[in-house]
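Reader: I've got a model open and I'd like to learn how to read it. Could you walk me through some of its features?

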Amino acid sequence: VLLTANTAFLWSFARDPRQLAPIVALLALGFAGVKWMELSKRRAFFSILIGALLLAFFWLKHYTFVPPSLFLPYAYTTIGMSYVFFRILHLIIDAYQDSLPERVDLASYVNYTLNFTSLVSGPIQLYSDYRRAESGAGPPLDASAMGSALRRVIDGFFKVSVVSPVLLFAHGYCVVAVASSTSGGQRTVYAALLLALFPMYLYINFSGYMDFVIGVARFIRLELPENFDRPFSSRGFIELWSRWHITLSNWLKTYVYSPLLLALMHRYPAPKLQPLLGVFAYFVTFFLVGAWHGQTSMFLFFGVLQGLGVSVNKLYQIVMTRRLGRVGYRNLCAEPAYASASRGLTFSYFAVTLLWFWSTWAQLAHLAKTLGPTAAVAAVVLVIVGAAFALSAIYAVESRLSSRTSESAGVARGCLTTAWYTALAVITISVTAVLNAPAPHIVYK
């Protein structure tokens, strides 16, 4: 049943079989590679196979360093190809390291790589976790589990269909308002809103989609991993990436950061260098996070900014730990004022890096010229201060509410939860019916 559903879902993105030929060829190469690694652990074969897969991926995804004359002369399906590629690499690497729980059969391979609930935008699930659910070893699908899954579906659909379009509209309005405002103060405020709204839109849009697919997968007894954990509560850029797109950052930490750091430590064994080697490994890993998102120079620069964010954060941690000691630095991080400032800086830096996620060099140049240096700096400062106060207030209220665990509060919370999700469902259905809009846009697709 799952194989039929996955095949039909992939087919829905094509108009004729030829459009599916490239991704099918990538899948075939991946399966052959997995079986090859199960039989042979020779390093040379492994290196050749990984190299071939990387070249095939760069070619099929039209990366800018590949000569255009080499591209296929027709349009084909690339939706989900990045996530399929990550799963294939995971299987091949683990097969080479003899870390898979069992031999991979063809049906499980296809179902794992093309799982329709996570094909378009993830999350990236490990094969052992997928097999546990596929073999029936996962938790039962009882009434409580179905209720939780239904709430995730409602929550996700409300975020993607109602809240996300409002935030995107507000962001677009601010983009226009920055250029049309005559007052310097107005331009500064609109620029600050422009910076702050896009991370909020991206989070609501992407996490809403994750809520939806995690809920849907639960109904067919598949447990997908969580991809978000309150990312804007982060007090540093490294922490942000442990809470944002968790499965992607964990995959890259496992298959890029750790092997690279071990290789560097083996090559340069001096103990004093090891922290700096970690800083470099962080930069390379999270540069790849940015570069993976797109094929243009905008995304390469976005990757540079992500790499700088985590590597400078790591370097700061090293310096502060040496100066204050582990206990002293931990106590400093626990100070409310310091934590609030850290949240504001983390959110604001992430917001600035996302300028290269949604705009072009020409748009950024026009925005910079319109604002001028003073207004641009003032807008960033406004976002830092506003985010520091707003995020601290949000999480303080959340902590206070979660601490009320009495039985009467639990009963009241259950009633409120039922009323809340009923209201969300009614609002979502009503808005969808009234607007008669097409399927909502998923930004990470």
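**Reading the model**

Author: Let's start with a loop: His 62 is found between helix H3 (43-60) and helix H4 (81-96). Helices here are DSSP runs of H or I with at least four residues, numbered from the N terminus. Note that this is a predicted model, where local features need pLDDT of at least 70 and side-chain atom pairs count only at pLDDT 80 or more, while totals for chains, interfaces and linings use all residues. Residues are numbered from 1 along each chain as its sequence is written, and side-chain values use heavy atoms, with hydrogens and water left out.

Reader: What is the phi of His 62 near?

Author: Phi of His 62 is near 60 degrees, a positive value in a residue other than glycine. Arg 221 also has a positive phi, near 65 degrees, and lies in the loop between helix H8 (184-219) and helix H9 (237-243).

Reader: Is His 62 buried, exposed or partly exposed?

Author: Go by relative accessible area: under 20% is buried, over 50% is exposed, and partly exposed is in between (1.4 Å probe, protein chains only). His 62 has 35%, so it is partly exposed. Lys 369, in helix H15 (residues 361-402), is exposed because its value is 74%.

Reader: Which peptide bond is cis?

Author: The one from Gly 122 to Pro 123, with omega near 5 degrees. Pro 123 lies in the loop between H5 and helix H6 (127-134).

Reader: Next, helix packing. How do H1 and H5 pack?

Author: Two packed helices are described by the angle between their axes and the distance between the axes. The axes are lines fitted to C-alpha atoms, for helices over the stretch in contact, and angles run from 0 to 180 degrees between N-to-C directions. Helix H1 (residues 2-11) and helix H5 (residues 106-113) pack at about 45 degrees, with axes 9 Å apart. That makes H1 oblique to H5. Angles under 35 degrees count as roughly parallel, over 145 as roughly antiparallel, 65 to 115 as roughly perpendicular and the rest as oblique.

Reader: How many salt bridges are there?

Author: Look for a side-chain nitrogen of Lys or Arg within 4 Å of a carboxyl oxygen of Asp or Glu. By this rule the count comes to ten. One of them joins the side chains of Glu 134 and Arg 131 at 2.4 Å, N to O. Those two are three residues apart in helix H6, so about one helical turn separates them. Glu 134 is partly exposed at 27% relative accessibility, whereas Arg 131, at 18%, is buried.

Reader: Where do Arg 152 and Asp 211 lie?

Author: Their side chains meet in a salt bridge (2.9 Å, N to O). Arg 152 is in helix H7 (residues 143-180) and Asp 211 in helix H8, so the pair ties together parts that are 59 residues apart in sequence. Asp 211 is buried, at 10% relative accessible area. Arg 152 also has a salt bridge with Glu 226, again listed at 2.9 Å, N to O. This pair links parts of the chain 74 residues apart, with Glu 226 in the loop between H8 and H9.

Reader: Which residues are linked in a network of salt bridges?

Author: Arg 152, Lys 159, Asp 211 and Glu 226. Follow the side chains from Arg 152 to Asp 211, then from Arg 152 to Glu 226.
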